[in-house]
Amino acid sequence: MGDILEFFEQMGFMNITIQQGIMLLLSFFLLYLAIKKQYEPLLLLPIAFGMLLTNLPGAGMYHSELWTAFLDANSPAYHSYGTIMREGGLLDILYIGVKAGVYPCLIFMGVGAMTDFGPLIANPKSLLLGAAAQLGIFLTFLAANSMGFTEAQAGSIGIIGGADGPTSIFLTSKLAPELLGPIAIAAYSYMALVPVIQPPIMRALTTKKERAIKMSQLRPVSKTEKIIFPIAITTIVALILPDAAPLIGCLMLGNLAKECGVVDRLSKTMQNELMNIVVIFLGLTVGATATASSFLDWSTIKIMVMGVVAFGCGTAGGILLAKLMNVFSKEKINPLIGSAGVSAVPMAARVSQQVGQEENPSNFLLMHAMGPNVAGVIGSAVAAGILLTMLG
């Protein structure tokens, strides 16, 4: 009889708290969004399932207390990677890849192997629009810091404005790992809501005449240019901003493998098998950080609000710079392509195309918008490097 009572006492049902129950319900809701609504399902589904696993009482798959004192020599409970390997659960061990910055960089490698930088090379002015769209990152950093978040936490919240999930995870894991769960969920949620968030901002900041501007066809880009581009960007960015080298280097390695034409097997592996495996590990472990104690807090609500503000400011920054460029340029730019400067590839470019065709059905902006769009990927990584240099 005693053994039976002990068995029942150890059941998760007997030990679940109200907070854990709420987190389980939230994980079910996110799974619904990923499966039924298809909101960024490739990452939202494993994130939601990781949240489910970490909030099951007694499962012992993730231990936030081990990471609280991780590599803190001043803590009486000092832990190292060795301690994590000996005492941690499955998700603790997999989380090492996030903490060490491995998973986001590997995902960037896959993104690079799937990205065509041709539109950016053909129209280098697109790089300015991608840079302007990072405005939301730094404005939100200042706003979050003024609201009581530390500088490191404010930088991690601001990076949501880059609309780049791996970059947000990379920076947050370095600066404010305690906020990783809510920031990752906010970043991927807003990326999925690009078609909802951006169009009202785009219409509010442009006139019908501006939205109807037709742009001339982009020039062809040679294979030599496409090969030189990733090598040059890696060298220049890494020499100016070494902290951005891991993300930029992996992004450009993937792109070089795609464009050089001599390592097709490696390029396909980066795009498919490697990318898929890393996405699973990254999603599960990021979701695991969303424990009841860290997620159910007023700061989470503030992060969600500041995240959408960052995203909106980034969208506005790209549009406003395009309008300013038109003042000094003979060949007019459709300001709508500036909104694609956030690095939600290729969704933001498609939204620019859609809104442009509403005003002029013969307007084809997609390839023009892809320039700022891929520039935004580079811009968000550079912004992360700047924040890491300043605050790390």
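**Labels and their cut-offs**

Guide: Let's start with Glu210 and Lys323, whose side chains meet in a salt bridge at 2.8 Å, N to O. The model is a predicted one, where local features need pLDDT of at least 70 and side-chain atom pairs count only at pLDDT 80 or more, while totals for chains, interfaces and linings use all residues. Residues are numbered from 1 along each chain as its sequence is written, and side-chain values use heavy atoms, with hydrogens and water left out.

Visitor: Why are Glu210 and Lys323 called a salt bridge?

Guide: The term asks for a side-chain nitrogen of Lys or Arg within 4 Å of a carboxyl oxygen of Asp or Glu. The N to O value for Glu210 and Lys323 is 2.8 Å, so the pair qualifies. Side chains of opposite charge can pair when their charged atoms come close.

Visitor: What makes this pair a link between distant parts of the chain?

Guide: Glu210 sits in helix H16 (residues 208–211) and Lys323 in helix H21 (residues 298–328), 113 residues apart. Helices here are DSSP runs of H or I with at least four residues, numbered from the N terminus.

Visitor: How do you know whether Glu210 is buried or exposed?

Guide: Buried means under 20% relative accessible area, exposed over 50%, and partly exposed in between (1.4 Å probe, protein chains only). Glu210 has 18%, so it is buried. Lys323, at 23%, counts as partly exposed.

Visitor: How many salt bridges turn up in the whole structure?

Guide: The search finds six. One of them joins Asp116 and Lys226, with the closest N and O atoms 3.3 Å apart. Asp116 is in the loop between H8 and H9, Lys226 is in helix H17, and 110 residues separate them. Asp116 is partly exposed, at 29%.

Visitor: On to the rings: why is the pair of Tyr103 and Phe281 called tilted?

Guide: Rings of Phe, Tyr and Trp (its six-membered ring) pair if their centres lie within 6.5 Å; planes under 30 degrees apart count as stacked, over 60 as edge-to-face and the rest as tilted. A search of the whole structure finds four aromatic pairs. For Tyr103 and Phe281 the centres are 6.2 Å apart and the planes at 45 degrees, so the pair is tilted. Tyr103 lies in helix H8 (residues 102–114) and Phe281 in helix H19 (residues 264–288), so the pair ties together parts 178 residues apart in sequence. Tyr103 is buried at 9%, whereas Phe281 is partly exposed at 31%.

Visitor: What makes Phe117 and Phe229 a tilted pair?

Guide: Their values are 5.2 Å centre to centre and 40 degrees between the planes. Phe117 is in the loop between H8 and helix H9 (118–122), and Phe229 is in helix H17 (residues 223–240), 112 residues away. Phe117 counts as buried at 2%, and Phe229 is buried at 15%.

Terms used: Helices (H or I, at least four residues) and strands (E, at least two) are DSSP runs, numbered from the N terminus.
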